[in-house]
Amino acid sequence: MTEHKIPLAGVIGHPIAHSRSPRLHRHWLQTYGLDGHYIPMDVAPENLEQVLRSLPKAGFVGVNITVPHKEAVMQIADQITDRATLIGAANTLIFLPDGKIHADNTDGYGFMENLRAGAPDWDPTSGPAVVLGAGGASRAVVSALCEVGVPEIILTNRTRLRADKLREDFGQRIRVVEWVQAGNVIEEAKLVVNTTSLGMMGQRELRVPLDGLQKDAVVTDLVYAPLKTNLLLEAEEAGCVTVDGLGMLLHQAVPGFERWFGERPAVDSATRAAALR
Ligand code: ATR
C-alpha cells in the first residue's frame, strides 16, 4: 500500500512574522477541505541554499520566497521561467519529484489580475502608464504592463540609475523621467502605479501632486497597509477608479497554491478577510 503524503508548503523570508501568506493559504486549505500545511520559515541568507535543498526531502512540494531572498534564489534554482528571468527575481518555487527546484515569478500576474478585477474598464492600450519606483516590485509591474500592450510606460524613481536599468532591460517603451517630474507626467497617465514603499505604515508619505490627473485614469498602489493610502484617497477624491494593493498579494499566491495542493483557489471577499485577519 502506498502511503498518502500530506503536501507541505510555506514561505521563506527574513524576517517572516509579518507575512500574511500563511493565513491566506490556510484559509484556502480549509475552504477546499484539502490536506496540507503551509508554514512560515525565517531563514538567514547564508542558510537559504541548504534549507532549499533539504525541504524536498522533508515532504515539501514548494515554497513562496519573500524579502530579502527573491533575487538570491535565482542563483540556486535549477529551472527558471522566462518571466522570472526578465524580472530578475522569483517568488514561487516548485520542488520537482527529482528534487530539482523550479522558480517562477507570479508578482506581475498578481498585479494584472488585481487590476483587471478592480478596474475592469481599464484598457491597456488607451494610453501611457506612470510607474513610481524602480525596485523589485516595479520590475514585475513593468513586465506585466509590457505584456498586455501598454503603449508607453513613464518610469520615475528617486535613484535614476535603477530606472535607467529597467529601460535597458525592458526597452524603448519605457520613458524615464526625473523623480521631481513625477507630478508633471501624471497628467499624461491612463494608469498610475505606486510601487515604492512610500505611504506604507511607518514610512514617509508619497508626495506627488495629483492636480493634473485625468478623471478616467486608474490609480493603484502596491502598498496595502494601510489599505487606503493617501494616494488612493486623493485619487478617489479626484473622481478616479482606484485599486488597493491587497489583491495583488492574493492573486500572486494562486498559481503556487494550485500547483502544490491541486485546486485553483478563488480570490473573493472571504479571501480578503482571511488575509487581513
Ligand atoms: P520592492 O521589492 O518592494 O520594490 P525595493 O527594491 O527596495 O523593494 O524598492 C523600493 C522602492 O521604493 C524603490 O523604488 C525606492 O527608490 P530607490 O530606488 O531610490 O531606493 C523607493 N523608495 C523607498 N524609500 C523611498 C523614499 N524615501 N523616497 C523615494 N523613493 C523611495
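This is a predicted model: local features need pLDDT of at least 70, side-chain atom pairs count only at pLDDT 80 or more; totals for chains, interfaces and linings use all residues.
Trainee: What makes β11 and β12 a pair?
Mentor: Strands, which are DSSP runs of E with at least two residues, numbered from the N terminus, pair if DSSP finds at least two bridges between them. β11 (residues 218–221) and β12 have three bridges, in the parallel sense, so they pair. Threonine 220 stands opposite valine 243 in β12.

Trainee: Which order do the strands of the open sheet take?
Mentor: The order is β9-β8-β7-β10-β11-β12, with parallel pairing.

Trainee: Why are β9 and β12 at the edges?
Mentor: β9 (174–178) and β12 (241–243) each have a single partner strand, so one side of each lacks a neighbour in the sheet.

Trainee: How do you know that both faces of β10 are covered?
Mentor: Buried means under 20% relative accessible area (1.4 Å probe, protein chains only). Leu191 and Val193 on one side are buried, as are Val192 and Asn194 on the other. Both faces therefore count as covered.

Trainee: What does helix α4 lie across?
Mentor: Helix α4 (residues 107–118) lies across β10 (191–194), β11 and β12. It runs at about 145° to β12, on a scale from 0 to 180 degrees between N-to-C directions of axes fitted to C-alpha atoms, for helices over the stretch in contact (heavy atoms within 4.5 Å).

Conventions:
Residues are numbered from 1 along each chain as its sequence is written. Side-chain values use heavy atoms; hydrogens and water are left out. Helices (H or I, at least four residues) and strands (E, at least two) are DSSP runs, numbered from the N terminus. Buried means under 20% relative accessible area, exposed over 50%, partly exposed in between (1.4 Å probe, protein chains only).
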